There are 2 protein chains.
Amino acid sequence: MTKNTKVNAAILIIGNEILSGRTLDTNTSSIALWLNSIGVKVNEVRVIPDIEDTIIDTVNFLRKANDYLFTTGGIGPTHDDITAQSISKAFGLEYELHKEAFKILEAYYKTGEFNEGRQKMVWMPKNAYLILNPTSGAPGFNVENVFCLPGVPSILKSMLGGLQNKIVGGKPILSHTISLRTVESEIAKSLTSVQNNNKDLEIGSYPFFQAGKLGVSIVIRSDDQSKIDNCIKEILIFIREKKIEVVDR
Amino acid sequence: MTKNTKVNAAILIIGNEILSGRTLDTNTSSIALWLNSIGVKVNEVRVIPDIEDTIIDTVNFLRKANDYLFTTGGIGPTHDDITAQSISKAFGLEYELHKEAFKILEAYYKTGEFNEGRQKMVWMPKNAYLILNPTSGAPGFNVENVFCLPGVPSILKSMLGGLQNKIVGGKPILSHTISLRTVESEIAKSLTSVQNNNKDLEIGSYPFFQAGKLGVSIVIRSDDQSKIDNCIKEILIFIREKKIEVVDR
């Protein structure tokens, strides 16, 4: 994979607590922002329940359809944490005690605290690579192009940096936002023509409410800064013509 | 569909801004909490980009695999809003001006403000049912078991109540949370045995950090309150034996 190839990924959020609405998923945003910064575009996100067959089928589909797959959740010590055994089955690998992970947690916990519950966290697919956890000890793991991370957002975030060398991205995906004091319908036609002039840029339009006032953010995304700059110029032309206030750019 | 049938739904979040990490999706949680309250369980969530073929294929898969499908995003006035035309294609229906929606927006806007951009929002699949929007006028729409809602969270939330009569749910899904001053590994074994005694309940265990202290929330979900009550009793027994502090229940 060269630096110019488009590289893509899927994110798989495993956990009933997201599907029930009890917990807001913030991991998608954390992973996506980080992936964009190293030139990987997220093609798809799925959220699925803690059901073994569903995990196996979804992992096997997404890992083949994308360059990388990141899973979150289900690698803790309790009965509802079934990601590691499901990933083992997805790859047809033994689910077994990982000696290196065992050593890490044995050293991490005080004498007597590395109990049966915690020992469950070192069971993984055979020969998995560890993803180190600087926050709470228990590592994630990586098999081929699948990277399994925990569900707790602060722990997950602390583990992403350590993955950088394992992911080969393309050019970083750059974005520029222009925030306007207007409504979408005022700029819709002009923005369509800018998009038509710049077909290989991703141009999005997002209404916002801030301090009681309506506005619209235009977001331009590409891996080519000069194309973004040209697009900004085109947008600023129609904004001036329409005398629209620029809130931020 | 009787009141005792298990009823399920999928949620499809359409929008590059979620996949890029720029915007945190809160709509999944809003829709899921509301669906649970009317007895509909969310089986799966997918987030996909603003690409017509992807929307068509995903909608056609999810609407057949679930009792209901809720989509969010892509029904505004700009070029990146392609949900209505994609849904039309998914169902093989004409994409056309919806007369009732036109009248609603004509009455909503001041004279001269119902411009070309805004008129795009009344183009929908032929004979779609409208989902009224008490916040900003432009309605969502419904074709068969598919309900299309906007992406702006406050607007979406205000439209859910009006859908209640269109959704036939099962028994409301009840949940009870017990929050403990402990760590998951301390209760993992006991909780596994409670889950084994209560196989038809969904029991989840979720670590939390609050005011600098670690804790675990146990969440029990079922449509049968008496089963939840029995499960709580079993959990309280091992909690007392282990002398674990109950933070909240």
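Hi everyone, let's start with Lys110(B), which sits in the loop between helix 5 (99-108) and helix 6 (116-119) of chain B. Helices here are DSSP runs of H or I with at least four residues, strands are runs of E with at least two, and both are numbered from the N terminus. Is Lys110(B) buried or exposed? Lys110(B) counts as exposed, because it has 6 C-beta neighbours inside 10 Å. The cut-offs, with C-beta atoms placed from the backbone, are 20 or more other C-beta atoms within 10 Å for buried, 12 or fewer for exposed, and partly exposed in between. Between the C-alpha atoms of Lys110(B) and Val42(B), 68 residues apart along the chain, there are 40 Å.

A quick word on the model. It is predicted, so local features need pLDDT of at least 70 and side-chain atom pairs count only at pLDDT 80 or more, while totals for chains, interfaces and linings use all residues. Residues are numbered from 1 along each chain as its sequence is written, and chains are lettered from A and ligands numbered from 1 in the order in which they are written.

Now, how do the two chains relate? Chain A can be laid on chain B by a turn of 180 degrees and a shift of 0.0 Å along the axis, with an RMSD of 0.0 Å; the superposition is by least squares on C-alpha atoms of residues with pLDDT of at least 70 in both copies. That is the relation of a two-fold axis. In chain A, the C-alpha nearest the axis belongs to Arg46(A), at 2.2 Å. Arg46(A) also stands opposite Arg46(B) in strand 2 of chain B. The two copies of strand 2 (residues 40-48 in chain B) pair in the antiparallel sense over three bridges, where pairing takes at least two DSSP bridges.

On to the interface: 47 residues of chain A are in contact with 47 residues of chain B, contact being C-beta atoms, placed from the backbone, within 7 Å. Helix 8 of chain A gives the largest share of chain A's side, eight residues.

So let's look at helix 8 in chain B. Its buried residues include Ile187(B), Leu191(B) and Val194(B). What covers the buried residues of this helix includes helix 6 (116-119) of chain A, along with strand 10 (202-210), strand 11 (213-222) and helix 9 (225-241) of chain B. Helix 8 of chain B also bends by about 35 degrees at Ser190(B), taken as the angle between axes fitted to the seven residues ending there and the seven starting there. Thanks, everyone!

Methods:
Expected span 1.5 Å × (residues − 1). Contact = placed C-beta atoms within 7 Å.
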